[in-house]
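Please keep the sequence and the model in view while reading.

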Amino acid sequence: MSPNEHRITLNVNGTTREAIVESRTTLADCLRNQLGLTGTHLGCEHGVCGACTVLVDGRTMRGCLMLAAQAEGFRITTVEGLSANDALQPLQQAFWDCHGLQCGFCTPGILMTLTELLHDDPDADEEAIRLALSGHLCRCTGYQNIVAAALAAVEQLRGNR
Amino acid sequence: MKPSSFVLHIPTTLPQALDLLAGTDNARVIAGGQSLMPMLNMRLAAPDNLIDLNRIPELAFIRDEGDEIAIGAMTRQRDVEHSPLIAARVPLMKEAILHVGHRQTRNRGTVGGSLCHLDPSAEMPTVMVAMDATLHVDSARGRRVLPMREFAEGLMTTALLPDEMLTQIRVRPWASTNGAHFVEFARRHGDFAVVSAAALVELDRNRRVARASLALGGVAATPFRVAAAERALIGQSDDAAFARAAALARDSDALDDPAFPAWYRQRLSATLLAKAIRGAYARALAQGNR
């Protein structure tokens with residue numbers, strides 16, 4: 001291996017994965033190109049659009065603003081890790097029910113942010129949801145239904161408690 | 001939209017990082033990367049060596065040291081946002097941090113990274129100018145201690161030499177009878193502000209302003225104190241006098257670009273500064289009435 005390559009071990013969605021990456025490889029590119037997890041989307045690649053947002057030890061971060069080699073030792077969760085066995089989580093089901101996705105490009109990042117928000121603040125109100133969503137762009141401009149889906153998920157999860 | 005090739009170094013102690021910085025060519029340190037990674041992705045920055053500071057635990061802390069609060073350069077913006085110590089002792093910083101990016105970038109972005117990137121409209125440099133912060137700048141040769149206004153040399157340019165890095169920020173909290181307010185105007189929430197204003201006031205027994213610090217961000221190449229307005233504020237206690245003091249900000253030299261011409265920034269400066277002063281004064285009164 002050359003000095004600008006790294007053999008890394010990543011914990012992704014509860015599974016240990018190994019990859020050889022260049023120093024400059026972003027976490028998002030590693031997830032997509034080396035690990036085949038193409039649910040994490042890349043829009044702007046400079047941290048503005050939020051499509052590549054993943055959870056790093058439970059905290060939302062931009063997959064395009066972190067290097068793969070910096071991610072060793074953290075628990076990485078991508079949209080593929082949200083549900084087990086194709087059964088949708090309440091948040092995902094709410095997006096389906098409320099027509100919270102149109103083209104779907106921004107959806108994976110938004111789901112990761114709402115996963116963090118509802119974990120931190122299970123009773124999040126519309127204001128808190130809109131504030132969290134301000135870190136994402138939806139070019140279908142489907143924001144109303146995204147907010148509606150998030151509020152529906154809050155209700156559903158409250159019923160489950 | 002992919003970085004040019006570089007070698008990533010991941011030191012685990014500060015001395016290791018300083019040796020790497022002194023001993024490798026065309027090197028840069030990376031903190032949270034919320035400003036540097038976009039520059040790498042867009043190839044606006046092309047270092048040959050990148051030194052990652054994220055595995056150096058000694059650089060991340062918020063400590064109460066009596067007269068001063070010490071903040072490690074690698075302290076995440078998120079940790080400032082949720083720190084009871086910052087909320088109690090440096091409320092200006094707490095209020096300003098909520099304007100920095102979004103929760104997804106504050107989770108990784110750092111205080112030191114924001115100060116070193118030194119975007120003219122960034123909130124943290126404006127707060128540190130208002131607070132007269134002192135900065136610890138370390139290299140393999142030793143330490144320099146710089147006041148914030150010397151650290152901020154020019155447009156996105158710090159006083160750091162190539163082998164130096166920011167390691168610690170020290171702020172001196174104001175007396176408990178102070179009031180602080182941070183306001184900004186941006187086209188959308190979370191965007192860089194066009195102009196931001198920070199006000200700190202301390203009152204005398206007659207509820208008049210006895211001490212003031214007023215800073216503006218986004219107006220000029222670096223944030224600055226509005227000394228004339230600070231002087232005009234001393235001894236004042238009513239909105240009309242606050243507005244007269246704030247209006248002196250219109251004389252500031254301002255950046256000029258097609259989206260936001262200088263005259264617009266100057267007018268916005270006076271408006272926002274007046275708002276910041278009114279808010280800070282109201283909070284100082286509320287503190288005094290407790």
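The crossing of helix 2 with helix 3 of chain A is right-handed. From helix 2 of chain A, the contact is made by A:Leu91, A:Gln92 and A:Phe95, and from helix 3 of chain A by A:Thr107, A:Leu111, A:Leu114, A:Thr115 and A:Leu118. By class, this contact has five nonpolar and three polar residues, with no charged residues. It should be kept in mind throughout that the model is predicted.

Chain A is divided into domain 1, covering 5-81, and domain 2, covering 90-160. The C-alpha centres of these two domains of chain A lie 22 Å apart. Across the boundary, 16 residues of domain 1 of chain A are in contact with 13 residues of domain 2 of chain A. On the domain 1 side of chain A, strand 3 (53-56) and strand 4 are the elements that give two or more residues. Strand 3 of chain A gives the most to that side, with three residues. The side of domain 1 of chain A that touches domain 2 of chain A has seven nonpolar residues, eight polar residues and one charged residue.

Another helix of chain A may be considered here. In helix 1 (residues 27-34) of chain A, the buried residues are A:Leu27, A:Ala28, A:Asp29, A:Cys30 and A:Leu31. These buried residues of helix 1 pack against strand 2 (15-22) of chain A. After helix 1 of chain A comes A:Gly36, whose phi is positive, near 75 degrees.

The contact between the chains can now be described. In total, 24 residues of chain A are in contact with 24 residues of chain B. Strand 4 (residues 59-62) of chain A supplies the largest share of the side of chain A that touches chain B, namely four residues. By class, that side of chain A has eight nonpolar, 11 polar and five charged residues.

Which residues does A:Arg59 contact, leaving aside its neighbours within four places in sequence? They are A:Glu116 and B:Asn107. A:Arg59 and A:Glu116 are 57 residues apart along the chain, and their C-alpha atoms are separated by 6.5 Å.

Between them, 11 residues of domain 1 of chain B are in contact with 17 residues of domain 2 of chain B. Helix 1 (residues 14-23) of chain B gives the most to the domain 1 side, with five residues. The residues of that side of chain B divide into six nonpolar, four polar and one charged.

Technical notes
Residues are numbered from 1 along each chain as its sequence is written. Chains are lettered from A and ligands numbered from 1 in the order in which they are written. This is a predicted model: local features need pLDDT of at least 70, side-chain atom pairs count only at pLDDT 80 or more; totals for chains, interfaces and linings use all residues. Two residues are in contact if their C-beta atoms, placed from the backbone, lie within 7 Å. Ala, Val, Leu, Ile, Met, Phe, Trp, Tyr, Cys and Pro count as nonpolar, Asp, Glu, Lys and Arg as charged, and the others, Gly among them, as polar. A crossing is left-handed if the near helix is turned anticlockwise from the far one by less than a right angle, and right-handed if clockwise. Domain bounds come from an automatic or database domain assignment. A residue is buried if 20 or more other C-beta atoms lie within 10 Å of its own, exposed if 12 or fewer, and partly exposed in between; C-beta atoms are placed from the backbone.
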